[in-house]
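Please read the following account alongside the sequence and the coordinates. It goes from a pair of strands to a sheet and then to a pair of helices.

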Amino acid sequence: MNDVEQRKAAKEFAARWENRGDEKKDTQTFWSELLTEVLGIEHISEVIEFEKPVQLTHRSFIDAYIEKTHVLIEQKSLGKKMNQALKQSDGEILTSFQQAKRYANELPYSLRPRWIVTCNFSSFYIYDMDQTFGEPKIIQLAELPTEYYRLKFLIDTGNKNIEKEMQVSMEAGELVGKLYNAFLKEYKDNSNEESLRSLNKLCVRLVFCLYAEDAGIFGEHNMFHDYLKRFEVRDLRRALIDLFQVLDQKLEERDTYLDPSLKAFPYVNGGLFADEHIEIPNFTEEIRNLLLQKASAEFDWSNISPTIFGAVFESTLNPETRRSGGMHYTSIENIHKVIDPLFLDDLKNEFTALQNITKPKIRKQKLLEFQKKLAGLKFLDPACGSGNFLTETYISLRRLENEALTIISNGEMVLGEIYDPIQVKISQFYGIEINDFAVSVAKTALWIAESQMMKETEDIVHKPLNFLPLKTYTNIHEGNALRMDWENVVPKHELNYIMGNPPFVGLSLRSKTQQNDMDFVFTENTRAGRLDYVACWYKKAAEFINNTNIQCAFVSTNSIIQGEQVPILWEDLFTYNHVSIIFAYRSFIWNSEAKNKAAVHCVIIGFAQKYINDYKMLYEDNQAFKVAHINGYLVAADDIFIKLRSKAKNGYPKLVQGNKPWDGGGLILSEVEKETLVLKYPHLSIVIKPYIGSYEFINKKLRYCLWLYGVEPSLYRKIPEVMDRLKIVASAREKTKTLAVRAQAETPMLFSQIRQPNKDYILIPETSSSSRKYIPIGFMNMNVIASNSTLVASGANMYHFGVLTSNVHMAWMRTVAGRLKSDYRYSPSVYNNFPWPTPNEAQKAKIEKTAQAILDARALYPDSSLADLYDELTMPKELREAHRANDRAVMEAYSFDVKTMTESTCVAELMKLYQKLVEK
């Protein structure tokens, strides 16, 4: 079904089910019609199971379960409230979602739902069980004609072969790593750069040969294995050199008297075997066994995924990733998050529409034109690494072409008008990569992909297609993309799309070379030094696409849409390069490492100068939303830039950083040190005060400090332990390069920066884990000294606490705050720019009441730290309910719709309020 057909079907479905629906008699009909008529499922009985039995304390039944996508459905009758707790048959009082979760907990682990949907025929409440926060996304039946695409998760099974391909590709990577290590030991100087380059080339060639013999490219199966098996260990090196030479020779140029076993090998071409002088060490029994037995006889290379294996292969042999012990790859699922909304979804919709043309002759002609269109598209990845984005894009286009060929050929051998049935070539795919070895891997991955897709085409057109000698050439260029003119790689008037996953390097980790690259790219933006390295690719691409229809999409760490980076980068791109964001994925976890999966919080941003659609797509929490505009914070709002403000809103407490000791540890005491001093000098108890930083506050740890501000020197001057500590302070300050601090060596008894409130205050941790829904905030006594890792608001009251700890403020913080790695980095700017609500007296009183309830709920667990209480897996029910009540009270003060508002729409409304504030 194409988009038009689905919209029409959704409209008819919504109209038919308006104001009707009984849980007992209509559930199966409702869901069967939705899946078949709207989502296009043909064999409904193979997809959804109704009344699935589950054993609780009694036998019960799940209303509906979709096993392929792990969706559990709990259905209620029309008019039933989804959030209302009702008494169950066993006496428990549960909401629909709680009832569904109870069923889920009793299913085998392999069947546990990824999604839970509760429905009352007029509303769909969708819970993504992979998300930390359990708030549902809500779709109304009446919205289905425009929102139907948000239900595609019900049937989206993805590629069934991905898991198998991934496993095989990872095993292949392990084998390459073992071969690499075994050969490395035999080099005379295994630290020599030329030797290492030769070893990398050797591994690339061996992988191609191993793949070629299993995929039938060489002709006979096991041909490479059988050739080498004839030789003793001492002769294997020479045999391999001879083979590489033959693979690079045209048949007519070969020695007439060549050994028949060598003569049988085809000519490869493509430059893979062109350098005959690479350094190849002697073989050992270990290498012989690894190559002939483990890697050849016992392993089938024909099923590897070139997309995954290329990246695994490159990282296996990359010294940096070898040292870290991890194989890195970008999952196929994540690659499609980039390429699908950029171009592939539109191509698939276009193909579906052509597929449904009823007149065979017209359909065939249109499909031939579509095939030519696919062959005319050109793609550039300017940081291509091992080529996984290019490889997956090539495979996706070839699969579309093969689907078209299936209809065109109609099961017959293809001759005549399309003598060469394959028109999509790897020569359409361009890459730039700074690492020479990654360039070789990218080329090899594309060749393997070409071979695999050719096999699929052979089954469609029913005739053999010759893969060798290589006829299509890869356009992967070695060089620094930030210093190159991309038009020397591909003319911009021929290019359609730019995509990729440029390097993630933050400000503190940049090398001198990378800093120079940034200065080279951002010649006129004096603030660009504060940006992440990845911003260079955005700027370079934005300049390249000037006055073109080229569309771009990059993966980035989410820091470029947070904090100070937003006005520095996006104001530049919007104002001077005239780009607009055409689609975006808000922050999500990007798993890019296979062995040691490192969770990186990323965004995907698509942008262009010219765009044909009158809407943009914003993806959040696995849901898609059509919006009119996306700004630099990836919010559906106008282009607003939150600037640094030094003052809080009039009438609100000032937020400042806590006290900075700069003491070399001299003023800070552990609990044991404090007890020892007080036991010996009891009068010191009045100047030793609790000292709290973000870590101590969140984890309920105790530290103390000497607080000698305003204290008579006579109280401590004759105490050796105190004086020794002051000497440490003075010494630490004298050694610093900061002049103001060096001057403070004369007053070692005082903290370097003193901002301690003279009344009780609210404390906000400067750094807090992003895995928490709420930053833990609390009231502190004025005698507790706040460290410079905290922020303090003197004289703040219960109303301020309620608003600051609400989901509204947290949504604002998550959008505009900076990050330390992936942790939240709260700053006065977050607070000073925050648009507070303007509640009436009743609303304000309600917030004060719900805020107190949060503190009361915490008090029920006196032995637990805030880390314990705010962990999403261990947060007590009373505390969660108190926060939800407070969230509702604050949202009501803003007149926000509690039921339907998402985090991004909340921030969009806050930005409108912010705009009004700055315009005053």
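Which residues point one way from E16, and which the other way? Lys616, Leu618 and Glu620 point one way, Met617 and Tyr619 point the other way, and all are buried (under 20% relative accessible area, with a 1.4 Å probe and protein chains only). Strands here are DSSP runs of E with at least two residues, helices are runs of H or I with at least four, and both are numbered from the N terminus.

This is a predicted model, in which local features need pLDDT of at least 70 and side-chain atom pairs count only at pLDDT 80 or more, while totals for chains, interfaces and linings use all residues. Residues are numbered from 1 along each chain as its sequence is written, and side-chain values use heavy atoms, with hydrogens and water left out.

E16 runs antiparallel to strand E17 (residues 623–627), joined to it by 5 bridges. Within this pairing (DSSP must find at least two bridges between two strands), Leu618 stands opposite Phe625 of E17.

Elsewhere, an open sheet of 4 strands has the order E19-E21-E20-E25, with mixed pairing. E19 (668–669) and E25 (785–786) stand at the edges with a single partner strand each, so one side of each has no neighbour in the sheet. Strands E20 (residues 688–692) and E21 (residues 704–706) run antiparallel and are joined by 3 bridges; Pro690 stands opposite Tyr704 in E21.

Helices H14 (residues 360–376) and H15 (residues 388–409) pack at an angle of about 160 degrees, their axes 10 Å apart. Axes are lines fitted to C-alpha atoms over the stretch in contact (heavy atoms within 4.5 Å), and angles between N-to-C directions run from 0 to 180 degrees. H14 is therefore roughly antiparallel to H15 (an angle over 145 degrees).

Key
Angles under 35 degrees count as roughly parallel, over 145 as roughly antiparallel, 65 to 115 as roughly perpendicular and the rest as oblique. Buried means under 20% relative accessible area, exposed over 50%, partly exposed in between (1.4 Å probe, protein chains only).
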